Structures are given as structure tokens and as C-alpha cells.
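The following report describes the architecture of a protein model and the relation between its chains. The sequence and structure are shown first.

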There are 2 protein chains.
Amino acid sequence: MKASVLFSGGKDSSLSAILLDRFFDVELITCNFSILPIREVAQEAAAELGFSHKMLKLDNEIMENAFNIIVKDGYPKNAINYIHHKAVETLASDESVNIIADGIRRDDRVPLLTDPQIRSIEDRHGIHYICPLRGYGRAAVNMLVKQYLIIEEGLSDEVLKADYETELREVIRQRIGQDKISGMFPSHIQSRVTGRVK
Amino acid sequence: MKASVLFSGGKDSSLSAILLDRFFDVELITCNFSILPIREVAQEAAAELGFSHKMLKLDNEIMENAFNIIVKDGYPKNAINYIHHKAVETLASDESVNIIADGIRRDDRVPLLTDPQIRSIEDRHGIHYICPLRGYGRAAVNMLVKQYLIIEEGLSDEVLKADYETELREVIRQRIGQDKISGMFPSHIQSRVTGRVK
């Protein structure tokens with residue numbers, strides 16, 4: 001049975017794929033808007049992990065709406081949640097997709113689908129949405145990451161990740177300037193997977 | 001690394017153990033109050049699954065307090081949550097335990113530890129508390145159960161399970177009579193594992 005794992009090239013989505021590997025045919029899916037060359041970043045990490053990988057192009061309208069949300073809000077939470085929700089909807093509407101896996105941890109707050117959003121997507125599209133790390137805290141995730149993955153860590157403006165935030169930041173840079181980014185996005189540590197411990 | 005999996009002989013705790021099998025040395029732990037012969041039920045299911053198994057005797061005082069809670073409330077939620085919390089605390093205080101795994105699903109409401117309770121237990125005892133099925137809905141769990149387990153299902157007063165509810169019901173039967181049980185406990189479907197699909 002195929003499981004389509006939302007894949008950013010980071011440690012949480014990579015570990016989710018590894019946890020599912022024995023039970024499903026894992027296919028990594030990286031959503032993007034063709035704004036930055038994140039295809040290469042994602043493909044390289046997927047190859048290191050040894051999983052098959054696909055890109056999923058999201059509608060430009062989604063990024064337009066997300067841009068409007070973050071400009072109005074001044075912080076990224078709702079914009080990122082909005083993109084994430086639309087990404088899961090887009091993937092769920094693919095006829096060949098039956099199981100969507102998402103790398104959300106116990107302590108994640110963004111991006112996060114609500115329980116009614118999850119049930120609605122599952123019911124309308126007849127799919128299963130699963131989060132293999134939802135019952136793992138940060139320390140337990142790090143313990144497993146150490147055992148199974150080789151990662152590179154850095155601040156979010158230094159590590160190019162294949163996630164929505166990276167492209168949303170780029171849109172803001174292009175349209176309203178580099179100096180607006182640090183005011184809107186709190187700086188945080190990002191991880192990128194560079195290898196798998198066999 | 002050893003993972004101590006709370007084990008009732010039902011499908012959720014069994015599937016949790018199977019999901020962790022590749023990443024940890026799984027040991028099944030069945031908590032009990034020596035009120036009913038649930039040791040045999042749990043041991044038999046554990047042997048079918050092929051995992052090592054231990055019983056953990058909980059303090060009688062915990063059952064006394066739970067009995068008082070359910071008699072006062074008239075329904076089991078708080079009493080079961082109380083026993084569950086004390087069971088995790090008891091297991092966490094064992095020096096040889098570093099990882100506790102619990103078979104809670106996405107849609108479970110009882111028993112359930114709150115986020116502050118989880119963080120408190122993890123911090124005080126220096127352990128990881130993980131719920132491998134926390135990000136799985138009922139339908140996704142059933143899909144995996146079908147693939148990996150052979151189960152027997154029946155109403156809660158027909159299937160002898162190795163869980164707190166079974167012994168709490170027995171205490172009520174002994175002290176205030178069989179006819180009080182159905183008023184306090186909603187009847188629901190229980191599962192018991194009788195084999196593993198290899």
C-alpha cells in the first residue's frame with residue numbers, strides 16, 4: 001500500500017518516512033510553487049534516504065492568498081497553516097493517493113490541521129491522513145534522528161529547505177524587501193537531511 | 001534501546017508494539033491490581049505477538065481512590081484517567097525504564113494524559129513518553145490491524161481484557177453489585193489479540 005509522505009527535506013518528514021517504511025510503500029511528495037529551486041534540495045535528500053520522490057506543484061493562487069494573509073497579519077502562522085491545508089487538500093484530490101503522511105510532532109503548533117479539517121479531508125476524499133510523529137516529543141524525535149539520519153542544522157535564513165516557508169519568504173523578499181522578512185518570521189533552527197545511517 | 005509498551009492485550013497496544021519493533025527492544029508491560037487473572041490473558045497475547053512481557057502490580061490505594069471517584073461521578077472517565085496517570089507514573093519511576101509507549105489513538109478521549117501531565121512525567125523521571133498511534137485515526141488503525149493482527153471482538157462485559165477497566169468493573173461488582181456496572185460503564189466493543197499475521 002502506498003503512503004504519500006509530505007517531504008521538506010527536513011528531519012521530521014524524513015523520520016516519518018523511515019517509521020512508515022516497513023509498513024507502506026513510501027513515496028515522498030514535495031509541494032512547491034516553482035519560485036525557488038527547491039526541487040534539487042528535495043530530490044537530493046530523497047535520494048540520500050533511498051525513497052522515490054515526486055514534486056507537487058500547487059496553484060499560484062494559494063501563494064497569492066498566503067501572501068495577503070501574512071501581510072495583513074504581520075506574522076506567518078495563519079499563512080503557513082493556510083498553505084499546508086491547501087497542500088494536503090491538493091494531494092488528497094489525486095486519485096492515486098490513499099494515505100497521506102505528515103511529519104507533525106507532538107509539540108508542533110504550525111503548520112497544523114485541526115481535527116475537523118482532518119476529518120473533513122478524510123471523509124470527502126476517502127483517504128487516511130496519518131502523522132507518525134504526532135505522539136513523539138521533541139527529545140524522542142531527536143533521539144531517533146541521531147540514530148537514523150545525518151543532518152545539517154542552521155538558522156532559517158541560512159538553510160535552504162524544501163518547504164512552504166522558504167518560498168513564502170522569497171515572495172516577501174521580492175515584493176516588499178529583504179528587511180521585512182526578519183520582522184515577520186521569528187528566526188529558528190532548521191534542519192536539512194544530508195544522509196541516512198544504515 | 002528498550003521501550004516499555006503499556007499492554008492490555010487489545011489491538012491498539014499490540015499494534016503500537018509492532019510499529020516500534022524495528023526501532024526499539026520492545027517489552028510489554030501489563031499493569032494490574034491482582035483482582036482478576038488478567039496475567040494469563042496478557043501473557044497469552046504477548047506470546048502470540050512474540051514479545052517479552054512483564055506484569056506491573058499497582059498500589060491497592062490507586063484502585064481505592066479510583067473506586068471512590070467512579071462512585072462519586074457515576075461514570076468511568078475520571079477514574080480510568082486517574083488509574084492510567086498513576087500507572088504511567090509508577091512505570092516511569094522504575095530506574096530501568098527510559099521509554100514508555102502508550103497505545104492512544106488520535107480519537108481516544110479516555111484514558112488520556114494531558115500535555116502538562118506528560119511533560120511533568122518526562123521531566124521528573126527523565127524518560128520519553130511516546131504514543132505511536134496518536135497520529136492515526138480509527139480507520140487507519142483498523143487497516144493496519146487487519147494486516148498484522150488476528151483479533152477477537154465483543155462487548156466489554158464478554159471479552160476479558162487485561163486493562164484497568166476490567167478490574168475496576170470487578171471491584172464494583174463485588175462491592176455494590178453486578179447491576180450497577182451497566183449504569184456506570186457505557187457498553188462498547190473491546191478487542192483481544194489472539195494472533196499475529198507473519
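**Basis of the description**

Two residues are taken to be in contact if their C-beta atoms, placed from the backbone, lie within 7 Å. The model is predicted.

By this criterion, A:Ala79, A:Ile80, A:Ile83 and A:His84 in helix α4(A) meet A:Tyr164, A:Glu165 and A:Leu168 in α7(A). The residues of this contact between α4(A) and α7(A) comprise five nonpolar, one polar and one charged.

**Helix packing in chain A**

Helix α7 of chain A spans residues 164-176, and its axis comes within 10 Å of that of α4(A), with a crossing angle of roughly 125°. Angles from 65 to 115 degrees count as roughly perpendicular and those over 145 as roughly antiparallel; α4(A) is therefore oblique to α7(A). The crossing of these two helices, α4(A) and α7(A), is right-handed.

Helix α4(A), residues 77-92, also packs with helix α3(A), residues 60-73: their axes come within 8 Å and cross at roughly 160°. The two helices α3(A) and α4(A) are therefore roughly antiparallel, and their crossing is right-handed. On the side of α3(A), the contact is made by A:Ile62, A:Asn65, A:Ala66, A:Ile69, A:Ile70 and A:Asp73, which meet A:Asn78, A:Ala79, A:Tyr82, A:Ile83 and A:Lys86 in α4(A). By class, the contact of α3(A) with α4(A) consists of seven nonpolar, two polar and two charged residues.

**The sheet of chain A**

Chain A contains an open sheet of five strands in the order β3-β2-β1-β4-β5, with parallel pairing. From one strand to the next, the twist averages 30°.

At one end of this order, strand β4(A), residues 99-101, pairs with β5(A) in the parallel sense over three bridges. Within this pair of strands, A:Ala101 stands opposite A:Ile130 in β5(A). Helix α2(A), residues 38-49, packs on the sheet and touches β2 (25-32) and β3 of chain A, its direction making about 165° with that of β2(A).

**The sheet of chain B**

In chain B, an open sheet of five strands likewise has the order β3-β2-β1-β4-β5, with parallel pairing. Its edge strands are β3 (52-57) and β5 of chain B, each of which pairs on one side only. The average twist from one strand to the next is 30°.

Strand β4(B), residues 99-101, runs parallel to β5(B) and is joined to it by three bridges. The bridge partner of B:Ile99 in β5(B) is B:His128. Helix α2(B), residues 38-49, lies across β2 (25-32) and β3 of chain B and runs at about 165° to β2(B).

**Backbone features in loops**

A cis peptide bond joins A:Val110 and A:Pro111, with omega of about -10°. A:Pro111 is placed in the loop between β4 and α5 (115-125) of chain A. In chain B, the peptide bond from B:Val110 to B:Pro111 is cis as well, with omega near -10°, and B:Pro111 is found in the loop between β4 and α5 (115-125) of chain B.

A further backbone feature concerns A:Ser34, which has a positive phi of about 60° although it is not a glycine. A:Ser34 lies in the loop between β2 and α2 of chain A.

The same surface serves both copies, since 100% of the contact residues of chain B recur in chain A.

Each side is counted separately: the contact takes 17 residues from chain B and 17 residues from chain A. On the side of chain B that touches chain A, the elements giving two or more residues are β5 (128-130) and α6 (138-148) of chain B. Helix α6(B) gives the most to that side, with four residues. By class, the side of chain B that touches chain A has eleven nonpolar, three polar and three charged residues.

Conventions:
Residues numbered from 1 in each chain as written. Chains lettered and ligands numbered in written order. Predicted model: local features only at pLDDT ≥ 70, side-chain atom pairs only at ≥ 80, totals over all residues. Pairing = 2+ DSSP bridges. Axes fitted to C-alpha atoms, helices over the stretch in contact; angles between N-to-C directions. Parallel < 35°, antiparallel > 145°, perpendicular 65-115°, else oblique. Left-handed = near helix turned anticlockwise from the far one by under 90°. Nonpolar A, V, L, I, M, F, W, Y, C, P; charged D, E, K, R; others polar.
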